Amino acid sequence: MLMSVYYKEQPEYLRQSVNSMMEQTVRTDDFVLVCDGPLTPELDAVVSQFLEDYPDIFQVVRLETNQGLGHALNIGLKHCKNELVARMDSDDISLPERCAMQLQKFEEDPELAVISGTIQEFEGSVDHVTAVKSLPQKHEEIYEYAKMRCPFNHPAVMYRKSAVLRAGGYPEIPQYEDYDLWVRMLMDGAKSYNFTETLCMMRVDSSLYGRRGGWSYFKKVAAFRTKMRKAHFCSFSQYLLGICGQGVVCLVPNKVRQVIYKCFLRR
């Protein structure tokens, strides 16, 4: 298990997130938690409690300064003892059968390198589901889908450490760390699968849609899609459609963007 946390996280969210992994029907024997820079005393207290409760499972890696998610995950990945590594953010909640389902699928198909699945987005309580993000199931569909949209739900991913390292690990590209990695893994021949079942509950708030808008975010979109095109991962028409389509979503008012996400990019 690989997770990163930084000082802005809520202690209770971190506690719920970690507990959801420790209460899996198949529990991990290696939990790497990267503290991306100094934490608050309240967060440190939560981390210390887990170290005390699970001394043989938890590895806590502390970075002196906040380096960003991509850098933190690359550091953490080096400390992971197992070949199969589950990923989740420090405020999300995994369903109890998640790891068992993914491990069984890896056992059934040893050629698989990355597995994800459906996530449900919620606000406040897990009972308040606001959207469901499902993805293509089979590898061929996933590969084509990736040319236009992110092919895996990062909070629900389990992958082979060796495949991630072979593809070069996470780039230090804020908000595109995972998508960039998935494209390089797919181009490297990594075989993939997405469960249609929900594996993880993803916490969202009103600021989510604001972070995915504005000129600054659009510049990141354009830079990433240009990189995809230069790598010959997508066609020129897909490149233009991706930039234009996502550009519109970035530049409309936040309330309109929220409607687009919930009505057209989720279900």
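**Notebook: contacts, helix packing and a pocket**

I began with Arg62, which contacts Cys35, Leu39, Asp44 and Val47 once neighbours within four places in sequence are left aside; contact here means heavy atoms within 4.5 Å. The model is predicted, so I took local features only at pLDDT of at least 70 and side-chain atom pairs only at pLDDT 80 or more, while totals for chains, interfaces and linings use all residues. Residues are numbered from 1 along each chain as its sequence is written, and side-chain values use heavy atoms, with hydrogens and water left out.

**Arg62, continued.** I placed Arg62 in strand S3, residues 58–63. Helices (H or I, at least four residues) and strands (E, at least two) are DSSP runs, numbered from the N terminus. The cut-offs are under 20% for buried, over 50% for exposed and in between for partly exposed (1.4 Å probe, protein chains only).

**His154.** I found this residue in the loop between helix H5 (139–145) and S8. His154 is buried because its relative accessible area is 7%. Leaving aside neighbours within four places in sequence, I listed Leu73, Arg87, Tyr170, Asp178 and Trp182 as its contacts.

**Helix H4.** In H4 (residues 98–108) I noted Arg98, Cys99, Ala100, Gln102 and Phe106 as buried. The buried residues of H4 pack against several elements, including helix H1 (11–22), strand S6 (112–122) and strand S9 (191–203).

**Second largest pocket.** I recorded a volume of about 170 Å³. S4 and H4 are the elements that give two or more residues to its lining. The lining has 13 residues, and Thr28, Asn82, Leu84, Leu103 and Met158 lie nearest the centre. By class, I counted 8 nonpolar, 3 polar and 2 charged residues in the lining. Ala, Val, Leu, Ile, Met, Phe, Trp, Tyr, Cys and Pro count as nonpolar, Asp, Glu, Lys and Arg as charged, and the others, Gly among them, as polar. A pocket is an open set of points on a 1 Å grid over the protein atoms alone where a 1.4 Å probe fits, with protein on both sides within 12 Å along at least five of seven lines; lining residues have an atom within 4 Å of a point. The volume is the space filled by probe spheres set on the points, joined across faces, edges and corners.

**H9 with H10.** The axes of H9 (residues 215–230) and H10 (residues 236–251) come within 10 Å and cross at roughly 170°. That makes H9 roughly antiparallel to H10. Axes are lines fitted to C-alpha atoms, for helices over the stretch in contact, and angles run from 0 to 180 degrees between N-to-C directions. Under 35 degrees counts as roughly parallel and over 145 as roughly antiparallel. By class, I noted 10 nonpolar, 4 polar and 2 charged residues in this contact.

**H7 with H9.** I read an angle of about 5° and axes 11 Å apart. H7 is therefore roughly parallel to H9. Tyr179, Asp180 and Val183 in H7 meet Phe224, Arg225, Lys227 and Met228 in H9.

**Positive phi.** Most residues other than glycine have a negative phi. I noted Gln175 at a positive phi of about 75°, in the loop between H6 (161–166) and H7 (177–187). I also noted His232 at about 60°, in the loop between H9 and H10. His232 has 66% relative accessibility and so counts as exposed.

Notes. Parallel < 35°, antiparallel > 145°, perpendicular 65-115°, else oblique.
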